[in-house]
Every structure is written in structure tokens, then in C-alpha cells.
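Me: I would like to learn how to read a few features from a structure. Please give the general idea each time, then the case at hand.

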Amino acid sequence: MLFLVGVFTGFLNTVAGGGSLLTLPVMIFMGLPGTVANATNRVAIFISGLVAVKGFQSKGVSVFPYSWWVTVSACVGAAIGAYFATDIRNELFNKILAIVMVIVLGTIVFKPKTRLQDSESFTKKKNALSIIIFFFLGIYGGFIQAGIGFLVIATLTSVHGLNMAKTNFVKVFVISCYTLIALVVFFIEDKIRWDYGLTLAAGNSLGSWVASRWSVGKDDKLIRVFLIVSVLALAVKLWFFG
């Protein structure tokens, strides 16, 4: 079951985001404490992210050196967020996760409009702004991860006017890099369940590879509909029965 969930969420994370909104509650319902599920989830995110990056590059999609600049900023933030994530009660983490799931679900449903640029723009002012934003995104991603993809997409499209292919490349590249930092923190604190993480990673990697090559020029509406229904059901169960 975890492998199949991994295939779908790997695909989802690559073309849109929000895969952790499914994998985290699934692992919690399978018996893992919330903090351990949060840490274990990063194994799959890191490995599948590397696969997705290679998939995008095989189609000629990359955004350097910009990706490195925001990655360094996000990695610093992720170390801070992951540190706080290791020292939180499981019951409180489950409640926070349920709230985050509903909030992210709201952004998917109502999809607030962002002001898009007419073309790609990487001025010094905009680069500085995104570096600051990615620091805070790194803190959030290091702490809980769920829904980070949507926040990254909103930043890249509204600040720099990137198309979805380039946006998704930067997204998976940055998340893969800062996830490695978070993994180190979680490993030191002995929070990772490797058998669950590697099983999920195998599924994620398959889904990410397919999505990274398929998604160039494609829409993600059908996937968003499925995500809305699934996340709402899991959030209700997590809050009342988690």
C-alpha cells in the first residue's frame, strides 16, 4: 500500500505539490508516531526529488545558477525547521498537520490569483526577494513539508514569471537539497523509520520519473480534484481519530 501511495504522490509532487498531505497521514494511520512519520517521509522526498531533477534535465529543463542561490537560503531555513520538528509532542504534531492540510486544501479549492509576469525576470531585486522568501519556505519545509510545493510554485510564478516546467524543476531541486539537510537533523535525533521510508521512496521515484517527463506542457486539474477529496477525508480522520 505504501509503495502504491508513493507512486501517486511522487507523480503529484512533481507536477503540482501536496504529496506529503497524503503520505504523512497514511503513515500515521499505519502506526508511526507523527514525528517519526514526518522524518521518514523525507527519505522518499529526497530520493524521488533527485530522480525528478534528472527527468527534467533529460528534457532540457533547468534553471541555473538561480536554483543554487535559493537552495542555499532554503537549506539554512530547513535546518532550523527540522530542529523544532524533532522536539514536538506527537499529538500536537497531528493536530498541526490536520490544520495545515485544511489550509492548503483551501488554497487549492479557491486558488487565489497571483500576479504573473509577462516574461521571465531575474533582476537583482527580485532575486534578493526570492532568496528571503525561500529562507522562510525552508523553515516551513524543514518543519512539516506538507503543501510546500504550492508555496514554491506561487513564489516562482509570481516573482519571476517562470513557466510550469521551469517552476517544477526549481521546486524539486530546492526541496531535494534542503530535505537532505533536514534528513541529517532527523537522523541525528533517531527519528527515521528506514523500511517505511525506502518503500515509499521506491514508489515516489517511479511516479516522479514518469511525471517529470510527462508534465512538460501539461495541466494538473484532474490531479488536483483527486487531491482535494483525499486530503479532506484524511484531515477529518486525523483530527478526530488520529
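Me: In which helix is the place of W194?
Reply: Helices are numbered from the N terminus. In this predicted model, W194 lies in helix α9, which spans 194-214.

Me: Does W194 count as buried, partly exposed or exposed, and why?
Reply: Buried means under 20% relative accessible area and exposed means over 50%, with partly exposed in between. W194 has a relative accessibility of 41%, so it is partly exposed.

Me: Which residues make the nonpolar surface patch?
Reply: A residue needs over 30% relative accessible area to be part of a patch. Here L180, V184, F187, I188, W194 and L198 form a nonpolar patch of about 620 Å².

Me: Which helix gives the most to the nonpolar patch?
Reply: Helix α8 does, with four residues. Both α8 (164-188) and α9 supply at least two residues each.

Me: How do the axes of α7 and α8 cross?
Reply: The angle is taken between N-to-C directions, from 0 to 180 degrees. The axis of α7 (residues 148-160) comes within 9 Å of that of α8, and the two cross at roughly 130 degrees. Angles over 145 degrees count as roughly antiparallel and 65 to 115 as roughly perpendicular, so α7 is oblique to α8. Their crossing is right-handed.

Me: How many helices and strands are in the protein chain?
Reply: The chain has ten helices and zero strands. Of its 242 residues, 54% count as buried.

Key. Residues numbered from 1 in each chain as written. Predicted model: local features only at pLDDT ≥ 70, side-chain atom pairs only at ≥ 80, totals over all residues. Heavy atoms only, no water. Patch = residues over 30% accessible without salt bridge, like charges linked within 9 Å, V, L, I, M, F, W, Y side chains within 5 Å. Areas by Shrake-Rupley, 256 points an atom, 1.4 Å probe, with all protein chains shown as cover. Salt bridge = Lys/Arg side-chain N within 4 Å of Asp/Glu carboxyl O. Buried < 20%, exposed > 50% of the residue type's maximum accessible area, 1.4 Å probe, protein only. Parallel < 35°, antiparallel > 145°, perpendicular 65-115°, else oblique. Left-handed = near helix turned anticlockwise from the far one by under 90°.
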